[in-house]
Each structure stands twice: as C-alpha cells, then as structure tokens.
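Open the model in your viewer and keep the selection panel at hand. The stops below say what to select and what is there.

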Amino acid sequence: MFDVHEMEVNFGPQHPSTHGVLRVLLRIDGERIIDAKPIIGYLHRGTEKLFENMSYPMCIPHTDRMDYVASATNNLGFVETVEKLMGITKQIPKRAQLMRVMLSELQRISSHLLWLATHAIDIGAMTPFFYCFREREQVLDLFEEYCGARLTLNCMRIGGMPDDLPPGWLDGVEKFVDKFEDAVDEYESLLTNNRIWKKRTVGIGVITPEDAIDWGITGPPLRGSGVEWDLRRAQPYECYPELKFEIPIGKNGDTYDRYLVRMEEMRQSNWILKQCIPLVKATPAGDIKAKISRVVRPPEGEVYHSIESPKGELGYYIVSDGKSQSAYRCHVRPPSFVNLQALPAMAKGHLVSDLVALIGTIDIVLGEVDR
Amino acid sequence: MHVEYPKPRWTDKFLLLDMLEGLKTTFRELFKPKVTIRYPEERMEPANRFRGMFRFSFDRCIACKLCALACPIDIIYIDVHDEQREVDGKMKKLKVLDRYDIDVKRCMFCSLCEEACPTKPKSIWLTTKTYELATYDRSDLYFNMQQLEYWEGRPEYAGLPPDEPEPKQIEGGMP
Amino acid sequence: MTQDLLMRYLIWPLVKFLVAFIVVQVIVAAMNWIERRLLGLMQARLGPNRVGREFGIPWGLAQIVADPIKFILKEDIVPSSAETVAYFLGPMLPLIPAFLVFCLIPYGPPPTFVVTHINVGLLLILALTSTGVYGIILGGWASNNKYSLMGGLRSAAQMVSYEVPFGLSIVGVLMLCGSFDLVRIINYQADHVWNLFPQLIAAFIFLVAMNAENNRTPFDLPEAESELVAGYHTEYSAMKFAFFMLAEYSSMTVNCCLMVSLFFGGWTMAINGYGLTTGVLRGWGIYGGILGAVIFISKVMLFMLMYIWFRATFPRFRFDQLMELGWKWMIPLALANIAVTGIVVLLGQELNFQGEVVLSIAGAAIIAFTLYLLLRPRAKVTHARRVSEA
C-alpha cells in the first residue's frame, strides 16, 4: 500500500557543508535516508608515492598538507616514526619534547575550534563561527611567531626542532591560555544548554562502543561512545607521562556527547599548556636537536608509530631499505579515513538534515581521507 | 572522567532561560571591539619569522646547489660553470653562477632552501614579510636572478636587512 | 458634494496610503543594510562598511542604493523549461497582500494617520497575510526543479501550520479588548496596561508564529543553504528574486506592526490612562500625530532588530521538529491561554474583581522573575576546580 519511492541523490562533491570534496550517494525515501555511501578520492594527490621519491627531511612539508587543519600533529607523527626507526627516541632533548607537546596542544585547540565553527554553522547557528575564528586567530599568530607560517607549519625536524623559541612567545602563550577558558564558556553559553541545539544533536548518530572498536574508530568519536582510549595515555610519547590531564569520555555515543567531549578536550589542552610553560622555562636554552647527522639514513627495517591527532589516531608505517635517503614505502593511517566508515551506519534512518550534522560530528578533513 | 551533562532546572525549561542566555551573550558581543582588519588601508603585519617572498644575494652565494637539492618540489634551477680566475696571485677554479631561477608559482614557502644554505648570513632568505605576490600574468611569477635580488616593480617591505646576523634570539631557558 | 465625497473616500486615503507605503519601503530598504551590519557587529566583525567610501558616505550606507541597482541591472535568466505564467506570477503574488495590508494598519492617532478605519481590521489583516503562501507554492513548482519544489512545499507547509497559532493567540487579546478594530485595541491598552502583561503567553506564541511565518531563523529551513535544497527561489534571478526578498521584508514589517499594535500599545505610551494616550496626542494637533507615528515606528524598528538578534543567536530547527513544535506545542498552548483568560475574565465579572488586573500582575511577575534569574550576578563555574583535584 505504501510503497517506498527511493530516490538516489548526490550530496555532491561541491557542497557548502561537506568540509571538502566529499560525495555522499544517498538513497532517500522522502526525507528518510535508507543508505548513505561516501565516495572519496576527489582530493587524491599521491602523497604516499611522493614520499618514495623524496628524502626524509623533504617529506615533512608534504605531511603538513594531508590534514591541513592540524598540521603540527602530522609533522609530529612523521618525525617520531622516523626517529623510532632510527632508534633515537631517547636522545631528543627535554626542551624539544616540551616544545613539541606545546605545539601539538595548541594545534589541538585550533583544530577543535575550527570543528566547532563549521559544525555550528552547518546546524544553523552562525555566531560561534566568528567567535571561534577570533580565538583561532590568536593561536595562528602564535604559530606564525614561532615557525613563520600559519597553516602549513613545517615546524618539526627529525631529531628535534628547527629553531628555538622567539622572545615573547611564552608570554604570548600565557596570555592566550588565561583568556581561553572564558572563550570556551562563551561558546558553551550559546550552544550547550540551548534546547534547539540539543534537539538537533541528542540521539543523532549513535555509535555503540562495540561497533566503534570493530570499525577501528579512534579519537573523539570513540571517546564519545564511552571507551576510554587515548594514545597520550595508552601508548605515551614525548613527555606526556609527566603532564597531568584527564580524558573526557561520554556515555551515549551520540552527537551531543562528541560535542561535549571535544569542548572538554579543549579545556584539557589549555591545562596542559599551563603546565608546560614553567617546565620549558626550566630547560637550558638552545638545546633543541639531538646529535644526528644532517643526512638522514635510517637502518633497514619497518616501523609503525601512531600519535593522537585532534581527529583520532594518526599512524605512519615506514619501510626503509637502509641504503637510500628516502623511504621505500610510507603509508599513512589517517583517522578521518577510518572514522568515515561509520557514516552509513550512523545515517540510516535519520533525515537528510541530520546528514550534515553527522558529517560534521565525525570531523573529517578530506585532505587526510584522500591524501 | 565523564563529561558533564548540564542539568537544567525547571525554571530553565519553562522560562526559556537557556535561549535567553544565548541572547545575552550575543547582545554583550555588540559592545566588544571588532576584529576586522580593513585591508588595504590597514595591513596585518606579519611576525619576524614569517616565510614570505624570497630574496637572493648574488654576492654571498657560493653556488653549492644545496638549496636546489633540499627543495621538495625542485623549483630552483641553477646553472653553474667553472672558471679560472685570478685570486691572490694564483689561478683558482671558481664556480660562477649562470642562472638562478625560481618558479614561484609552485613554491610552497617551506623554507627548506633557506635552512640548507650554508653561508652566514644566508644567501636566500624568506623572512621578508611580503605576501602580496599576485600578478595578472602567470609568467610574471617566474623569477630570475636579477628579479630575485632587486625585486623591481614589486611592493617591498623593508624587511630584515640582509647584513644583519641571524635574528633568531632564544628565550625562556636557563643560560 | 461629490468633490467632498471623492476627497474623503478616494483621494485622501490614496495619499495616506502612498505616504505609508513609502515609509514602509524605506524601512524595508534600510533593513537590508541594518540586518547585514547588525549581524556583523554581533558576530565580532564589521558588516558592509566600504561601499560609499569614495563619495564620503560613511558606514557603507551606499549599500542601500547599490543593491537595488544591482538587482535591476542583472541579467534575468528564465529557465527554458519553466512554466511561463506561473513563473512570472510567483514573485508577484506574495507582494500583493503584503502591500495591501499597509492600508489597514494604524500608524498614529486617527483620523489622520489611519489610512482606512475598518472595524474588522484585524480579521482582514489575518486573512490577507494568509494568502502569501500562494506565491511560494507557485514559485517553487514553476521552476521545474525537484529541489525548488521540495523547498517550496516545505515552506508552504510551515507557513500554513503556523497560521493557526498566529490566529489563536490573538483570541485572548480580543477577549480582553472586545473588538477587532486595531484602533480600539490600542486605546484599550492606553487605558489599561500593555497587552503584553495579561497575555504573556499569547505574546510569546505570536512571536514564535511570526518568526515561522516569515521563514526567519530559527525556522529558516527553506532558506538554508547547507541543506540539500536551496529553497523555492533558486531559479529566480535579478528582479524576481528581489520581489521575493521585498515580499519577505514587507511581511516582516507588517507582522512587527501587528505585534506592536496588539501587545505593546501601538502609538501610545500610557498606563491606566496616564501618559500619552490617543486623546492627549490628538489634543496636540498635527505634532501629536507625528509624535504618535514616531513612537509607533520606533517600536516597530525595535522588533525588526529583535528578528536580527534571533538570527544571530539560534541554530535552526529540523523540519519535523518545526512541525511538531507548531502542532503539538503552540496550538495547545494557545488554546490553554484562551481557556485561562476566559475563565479569569468570567470569574472577574461574576465575583466582582478585575480579571485583567489579575492576569497583568501574573504576567508582570513572570517577566520580573525571568529577568532576575537572567541578570543576577552568578559565581563563575571554574573548571579549574574540577581539574585541579586530579
């Protein structure tokens, strides 16, 4: 009697809210989604093939451009993997480790601010977009003072850091950190208690913890479902074991929980930065690079190393043949690529208007998905 | 730790206080200073280490080709020939730079070339605080040696003078 | 004799209508600039501030002139597969009732500032604003675009389903004031108290229904670009699109005028007969009339600014949540309001107390309590308290 008229519609590659060139092939019945299939590859640039032809230090600017929103963590992942292959992880000086952690946490704040801005404007609230970018501007100014670029940072080198901190940088960080909590409170006053926001996000896109672990989802989507897994605590790297911070986890696994998890992560990153500032001041100035040769030639072997980027577990798998200056094979495990698998299951049964919220909540960046 | 779910009280639900809080925030924002920079009358000044347009110095360059090796995209084109020159009364073989071109269209301003340069102060540097590079014709973005050094016709920021030593002071550490 | 009749029934109303029309169109044109500028200022940025700079016009005010020029000079693209008659009729249909209603609203004390004094004015206004739906449906269908059709139908469903609370919320006001005539309602408010206080819930429902009628945030799903459809006015370019925008802003102005007349006292600023009532304003002759009109326009502008304030703050509803809000919450609330008002007024008549006073005190108490809860200074919840325990 009521037969289902299925319509196949393209949620096209060019769309204001797909955060890049993502194409989702929707099968809808009226407004309900029956199936959503993401089709990717529109931003494929052959990064992994490029890595095979370039020496290791030359690869670092290219890793910036994969997850262009959070490039310091991309750099960190690559650099740490090569150091693990070369076996010099213990020789990185303390000051370099602390600088790496500070840049990563600043990058986490910046990435989450961008996520909140775009997620809110997709759901319809226009003002958090501008407020978040105002704070993000301050973080990007800090990056600019340190390494010279705002978005594609190229701020880490194999064995340490390229430069030491410029004068006034730590004061700038302190000023930012003091005012950031109030800014997060401002965003929360606009969104967290708002009943329209809750209606749009509570109960949308539920991922159960078992499903999340089965699909290999990491990062805030995993923690929003209740699994307490953060690589900074589970497989610590750099100097995270000495820093005090907590890992927020949610309960229901819906969009609202993931929103709350990311807001809390911003506050925790703020706390980490506060702890790092006096620690950096206590290390000797200028001691930022391990004593390795300028030509990077790792021994033969293969290694996989992953770090916690703002979007999830970012992993690099490098195979080296011991003789050449470039990798034999470098494979990247991008978090957004693996998290995107959850989209069809999350979207089934929801309305088309919810699809926008779902794509926003798993926080994909197409540069990372397609590499 | 579990995230905090806000617990609304009955007054929040019936008197719409959650929406009114949002209205209050937006209203307060009307009286805070605005962050727009009105380009081109006001211009944002980049930091000292900003990686802008290149500048090249022919006198300091020793034609070692390390910058071309370091470039990830291979956009530095160098031609060198050997010459016998009289230096201090003896014939020495020197390398003379013929061509030093950079294809700025494809540059990603990663400054690996600047890091690779062995001279002190560097012969190629990017800390020129210039980012307004737009042109109407694509071939204008292929810089040869003279253009890289003298920057004729380009808007110029005074930048860091090429004779100053490395301005990267360090801070925040024990001496 | 005929000349007197002609003057009184044809020429003088025509002149008044033209004046009112011009004033409202100036408001509509200015709203374009005000909306973009105010939205920008609330979002920590400047709105348009550059357009007239070379000619010495500050603050980008020349944008008001530049936008209509752009609309007129733009190329008018008509899709070849569009249904011609309906395509051309589509933008015009919402404009007609929007302009007609300007005749029926009193802008100041009668008889000068009221264009036509009809004793069922309110009923006629409601009927005319309801016919604005036709243009949207026709426009969406005639574009021969699947997504325009969907957007047009959605918008039409939204407007039709919020007509019911729109009308029901007024019944409480009618019970208190006893007439459909807007002038009488305003005079009643001058003699007693603004209808906001006894009819607080009705004012709130009217506000929500007003936002939904005009497709403004938080109900602006038909206009949202981040959804699959871009709305019923996708296929319209240049002047036809400008007609849709004109119709929307005019309809917004008319609804704000209605809100001010019904709930906020119209052109009077009086309470319980003290202050600037109609009698006082008429006593001052033409100056009193102009003062009344200025008061009215200022109140209307305040409500237009409130539209912009809502747009800057709230996210958008999903379509089924929107319909659920309209049918399951607004209509029962409006009916409950009618019931409570009726019971209190009747009891007041039977037991010899003023029912309206009871309702007004209740409304004022709720407003005061809300403002107190909102504006009281609160201790800042520092998350440092929680995290430093670790």
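Start with chain C, whose domain assignment gives domain 1 (1-73) and domain 2 (74-389); such bounds come from an automatic or database domain assignment. This is a predicted model, in which local features need pLDDT of at least 70 and side-chain atom pairs count only at pLDDT 80 or more, while totals for chains, interfaces and linings use all residues. Residues are numbered from 1 along each chain as its sequence is written, chains are lettered from A and ligands numbered from 1 in the order in which they are written, and side-chain values use heavy atoms, with hydrogens and water left out.

Colour the two domains of chain C separately. Their centres, taken over C-alpha atoms, are separated by 21 Å. In contact (heavy atoms within 4.5 Å) are 20 residues of domain 1 of chain C and 28 residues of domain 2 of chain C. About 2300 Å² is buried between these two domains, and carbon and sulfur atoms give 77% of that area. Buried area here is the accessible area (1.4 Å probe) that two parts lose on being put together, summed over both. On the domain 1 side of chain C, select Met31(C), Glu35(C) and Phe71(C): these lose the most area to domain 2, together 26% of what that side buries.

Next, select helix α1 (residues 2-42) and helix α9 (residues 238-263) of chain C, which pack at an angle of about 105° with their axes 10 Å apart. Helices (H or I, at least four residues) and strands (E, at least two) are DSSP runs, numbered from the N terminus. Axes are lines fitted to C-alpha atoms, for helices over the stretch in contact, and angles run from 0 to 180 degrees between N-to-C directions. α1(C) and α9(C) are therefore roughly perpendicular to each other; angles under 35 degrees count as roughly parallel, over 145 as roughly antiparallel, 65 to 115 as roughly perpendicular and the rest as oblique. Show side chains on α1(C), including Val24(C), Ile27(C) and Met31(C), and on α9(C), including Leu246(C), Tyr249(C) and Met252(C), where the two helices meet.

Stay in chain C and pick Ile77(C), in the loop between α2 (63-73) and α3 (84-100). Beyond its neighbours within four places in sequence, Ile77(C) is in contact with Tyr87(C), Glu235(C) and Ser237(C). Leu322(C) lies 245 residues from Ile77(C) in sequence and 33 Å from it in space, C-alpha to C-alpha.

Now move to chain A and show helix α4 (residues 94-123) with helix α6 (residues 169-191); their axes come within 13 Å and cross at roughly 25°. That angle makes α4(A) roughly parallel to α6(A). The crossing of α4(A) and α6(A) is left-handed, a term used if the near helix is turned anticlockwise from the far one by less than a right angle, and right-handed if clockwise. Among the contact residues are Met102(A) and Leu113(A) of α4(A), and Trp169(A) and Phe180(A) of α6(A).

Residues to select here include Gln107(A) and Leu114(A) of α4(A), and Phe129(A) and Arg136(A) of α5(A).

Finally, show chain A with chain B. Their contact takes 60 residues from chain A and 41 residues from chain B. About 4100 Å² is buried between them, with 53% given by carbon and sulfur atoms. In chain A, select Met58(A), Glu144(A) and Arg195(A), which lose the most area to chain B, together 14% of what that side buries.
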